[in-house]
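User: I would like to go through the side-chain and helix contacts of this model. Please bring it up first.

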Amino acid sequence: MKRNFRQMMLIINIAKECHSANDDLMIVNNEVPNLTDWHQMDDHTRSMNIKSVSKIIDNKYITAKDLHNEWMDNKIADGWKYGTVKNPELKTHPLIIEFEKMSDINKLKDQNFIDIVNKHRNEYEELSK
C-alpha cells in the first residue's frame, strides 16, 4: 500500500511506542536481558517493528498469533533460526517457535503491539484524507 509521508512518520512513531511498551512489559515481568533504546536497535529490528505496525494497519482483524507467525516468517526469510538466546550475529532468537509454545508474557507482547496500533487507527485514517 502506498503511504504518504505523514502516514509513514506516524507508523514509525507507533513502532517506537510499541517497542517502549513491550520493554516496559518485560521490565515488569523481570525479563530484561536485551532491552535497547529505539535508536540503539539494529536496523533489522527497527524495520521488523515498522513492518509489523504496517501489517496491523493493513489488517485490522489480525490476531496475536497471525502477527507472531508473520514476524517469525520474516525472521526466517532473513536467515534467522531458533536459538536459546537472541544473538544478531548468529541470527538466533528464542521466539522462533510456534505461538502456542510461547509464554503468556510473550503472547501478551504481540497482543499489546496490536492494541497500541489499533489505538492509533483513527489518527492514521485521518492522514489518508
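Analyst: This is a predicted model. In it, a salt bridge joins the side chains of Asp 58 and Arg 3, with an N to O distance of 2.9 Å.

User: Where in the chain do Asp 58 and Arg 3 lie?

Analyst: Asp 58 belongs to helix α2, whereas Arg 3 is in the segment before α1 (5–28). The pair links distant parts of the chain, 55 residues apart.

User: And how many salt bridges does the count come to?

Analyst: The count is 6 salt bridges.

User: Turning to α2 and α4, at what angle do their axes cross?

Analyst: The axes of α2 (residues 43–58) and α4 (residues 104–119) cross at roughly 65 degrees and come within 10 Å. The crossing is right-handed.

User: Which residues make that contact?

Analyst: From α2 they are Asn 49, Ser 52, Val 53, Ile 56 and Ile 57; α4 contributes Phe 113, Ile 114, Val 117 and Asn 118. Of these contact residues, 6 are nonpolar, 3 are polar and none is charged.

User: New topic: how many aromatic pairs are there?

Analyst: The search of the whole structure finds 0 aromatic pairs.

User: What lies over the face of Trp 80?

Analyst: Lys 75 does, at 3.6 Å from the ring centre.

Note on methods
Residues numbered from 1 in each chain as written. Predicted model: local features only at pLDDT ≥ 70, side-chain atom pairs only at ≥ 80, totals over all residues. Heavy atoms only, no water. Axes fitted to C-alpha atoms, helices over the stretch in contact; angles between N-to-C directions. Helix = DSSP H or I, 4+ residues; strand = E, 2+ residues; numbered from the N terminus. Left-handed = near helix turned anticlockwise from the far one by under 90°. Contact = heavy atoms within 4.5 Å. Nonpolar A, V, L, I, M, F, W, Y, C, P; charged D, E, K, R; others polar. Phe/Tyr/Trp six-rings, centres within 6.5 Å; stacked < 30°, edge-to-face > 60°. Lys NZ or Arg CZ within 6 Å of the ring centre and 35° of its normal. Salt bridge = Lys/Arg side-chain N within 4 Å of Asp/Glu carboxyl O.
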